[in-house]
Amino acid sequence: WRGEPLDQLIGKSAAYDYIIASHVIEHVTDLVAFLQQCENLLNTTGVLSLVIPDKRYCFDYFRWPSSTGDALQAYTEHRTRHAPGTVFDHFSNAAKMGDMPAWAPQMRGEMSFIHSVEEARSAWMQAQKNDEYIDAHSWRFTPSSFRLILHDLQELQLTNLVEIGGFDTEG
C-alpha cells in the first residue's frame, strides 16, 4: 500500500457485505478518508466491524483522546504518513502497566514508559527526513470519544456510517 484510496488499491467499490478491521483504525493516517473509503467499498447493506483499543487500558494511556478537529486536520491535509509530532507523541508517551502494553479495566499496577525520550526524538527526526511510513497510533479513543467523532462526522456529512452495536471494554 502506497497511500492510494482503498477502492483504487482493491479495484472495486460497493462490493463487500462486511469489512472487519481489528486494531487498524488507530494506525490510519487519515481517519475520515479511511471511513469514507470503507463506506465506498461496502454495498448498501454492508457492515464495517471495528475492533478499537480503549486508550484507558493500553499503551496510549497517557495520550489525550483524539478529537474531531484532529480528524478534520488530517483529512484537510490528505495525510498518507503520520505527522512528525504524532510520531514523537506515540513513542514518548507509550506506557505499560508492569510488563504489559495492554491490560484489563480491573487491573492495577505500576506504570512506566516503554521508550526513552531519545528513542522518541530519533523517531521524530526520522519522520521529518523522508516520506517513509513510521507506524504509530494517530488515533486514541474511548468508546464514547469514538462515538462523538462518528456523530460529528455524520453531522458534517463526511460519512453516513452509523453505529449499530458495541461492546464494553474487557481487556
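Trainee: How many disulfides does the structure hold?

Mentor: A disulfide is a covalent bond between the sulfur atoms of two cysteines. The cut-off here is a pair of cysteine sulfur atoms within 2.5 Å. The structure holds zero. This is a predicted model: local features need pLDDT of at least 70, side-chain atom pairs count only at pLDDT 80 or more, and totals for chains, interfaces and linings use all residues. Residues are numbered from 1 along each chain as its sequence is written, and side-chain values use heavy atoms, without hydrogens and water.

Trainee: Is cysteine 38 buried or exposed?

Mentor: Buried means under 20% relative accessible area, exposed over 50%, partly exposed in between (1.4 Å probe, protein chains only). Cysteine 38 is buried, at 2%. Cysteine 58 is buried too, at 7%.

Trainee: Which residues touch the most other members of the largest nonpolar core?

Mentor: In soluble globular proteins, nonpolar side chains tend to be buried together. A nonpolar core is a set of buried Ala, Val, Leu, Ile, Met, Phe, Trp, Tyr and Cys residues joined through side-chain atoms within 4.5 Å. The largest one has 23 residues; Ile25, Leu31, Phe34, Leu35, Leu48, Trp139 and Phe141 touch the most other members. Helix 2 gives the most to this core, six residues. Helices (H or I, at least four residues) are DSSP runs, numbered from the N terminus.

Trainee: What is histidine 90 in contact with?

Mentor: Contact means heavy atoms within 4.5 Å. Leaving aside neighbours within four places in sequence, histidine 90 contacts Phe59, Arg63, Asp135, Ala136 and His137. Histidine 90 sits in helix 4 (residues 84–93). Its relative accessible area is 11%, so it is buried.

Note on methods:
Helix = DSSP H or I, 4+ residues; strand = E, 2+ residues; numbered from the N terminus.
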